[in-house]
Amino acid sequence: MVEVHDCFSIAELCALRPGVLQERRSGKFTADGETALGGRIPVNTSGGLKACGHPVGATGIKQVCEITLASSRNEAGKTPDR
């Protein structure tokens, strides 16, 4: 699983290419569902920053929380109970 800073829609694709996907085409990889929940490399499982309103001051904390939910609790993409 990967959380990237996707401040604009295209930013996710740009962030994946250099380190995560290397020689693969990020657009095709994403279009084929490989970055979705259950895909080969789930990316921004909460929907990304724009889906969460891009909380500028809390962006990093939001992404750390999502990684925690996914990796230690197997709850990626779920909204925590409030």
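Val-4 sits in the segment that comes before helix H1; helices (H or I, at least four residues) and strands (E, at least two) are DSSP runs, numbered from the N terminus. The relative accessible area of Val-4 is 9%, so Val-4 is buried. Here buried means under 20% relative accessible area, exposed means over 50%, and partly exposed is in between (1.4 Å probe, protein chains only).

When neighbours within four places in sequence are left aside, Val-4 is in contact with Glu-12, Ala-15, Leu-16, Val-43, Asn-44 and Gln-63, where contact means heavy atoms within 4.5 Å. Gln-63 is 59 residues from Val-4 in sequence, yet the two C-alpha atoms are 8.2 Å apart in space.

## Basis and confidence

This is a predicted model, in which local features need pLDDT of at least 70 and side-chain atom pairs count only at pLDDT 80 or more, while totals for chains, interfaces and linings use all residues. Residues are numbered from 1 along each chain as its sequence is written, and side-chain values use heavy atoms, with hydrogens and water left out.

The mean pLDDT of the protein is 80, and 87% of the residues score at least 70; pLDDT is the predictor's confidence in each residue, from 0 to 100. Confidence is highest in H2, at a mean of 87, and lowest in H4, at 80.

## Overall make-up

The protein has 4 helices and 0 strands. Read from the N terminus, the order of the elements is α-α-α-α. Of the 82 residues in the protein, 29% are buried. Among contacts with a separation of 6 or more, 44% join residues 24 or more positions apart.

## Helix H1

Helix H1 covers residues 9-21, and its 13 residues should span 18 Å at 1.5 Å a residue; the end C-alpha atoms are 17 Å apart, which agrees. The expected span is 1.5 Å times one less than the number of residues in the helix. After H1 comes Gln-22, which has a positive phi near 50°.

Ala-11, Glu-12, Leu-16 and Leu-21 are the buried residues of H1. They pack against helix H2 (26-31).

## The nonpolar core

The largest nonpolar core has 7 residues: Val-2, Val-4, Leu-16, Leu-21, Phe-29, Ile-41 and Val-43. Such a core is a set of buried Ala, Val, Leu, Ile, Met, Phe, Trp, Tyr and Cys residues joined through side-chain atoms within 4.5 Å.

Ile-41 is one of these core residues. Apart from its neighbours within four places in sequence, Ile-41 is in contact with Val-2, Val-20, Leu-21, Phe-29, Glu-34 and Thr-35.

Glu-3 lies in the segment before H1 and is buried, its relative accessible area being 17%. Not counting residues up to four places away in sequence, Glu-3 touches Asn-44, Thr-45, Ser-46, Lys-62, Gln-63, Glu-66 and Ile-67. The side chains of Glu-3 and Gln-63 make a polar contact at 3.3 Å. A polar contact is a pair of N or O atoms within 3.5 Å; within protein, one must be able to donate a hydrogen and the other to accept it, and residues adjacent in sequence count only if both atoms are side-chain atoms.

Glu-3 also takes part in a salt bridge with Lys-62, at 3.9 Å from N to O. Lys-62 is in helix H4 (residues 59-71) and Glu-3 is in the segment before H1, so the pair ties together parts that are 59 residues apart in sequence. Both Lys-62 and Glu-3 are buried. The structure holds 3 salt bridges, each being a side-chain nitrogen of Lys or Arg within 4 Å of a carboxyl oxygen of Asp or Glu. Another joins Lys-28 to Asp-32, with the closest N and O atoms 2.8 Å apart. Lys-28 is partly exposed at 46% relative accessibility, as is Asp-32 at 47%. Glu-34 and Arg-40 also form a salt bridge, where the closest N and O atoms are 3.5 Å apart.

## The loop between H2 and H3

Asn-44 belongs to the loop between H2 and helix H3 (48-51). Its relative accessibility is 4%, so Asn-44 counts as buried. Most residues other than glycine have a negative phi. Asn-44 is not a glycine, but its phi is positive, about 45°.

Ala-36 is found in the loop between H2 and H3 too, and is partly exposed, with a relative accessible area of 35%. Ala-36 and Met-1 are separated by 35 residues in sequence, with their C-alpha atoms 9.7 Å apart in space.
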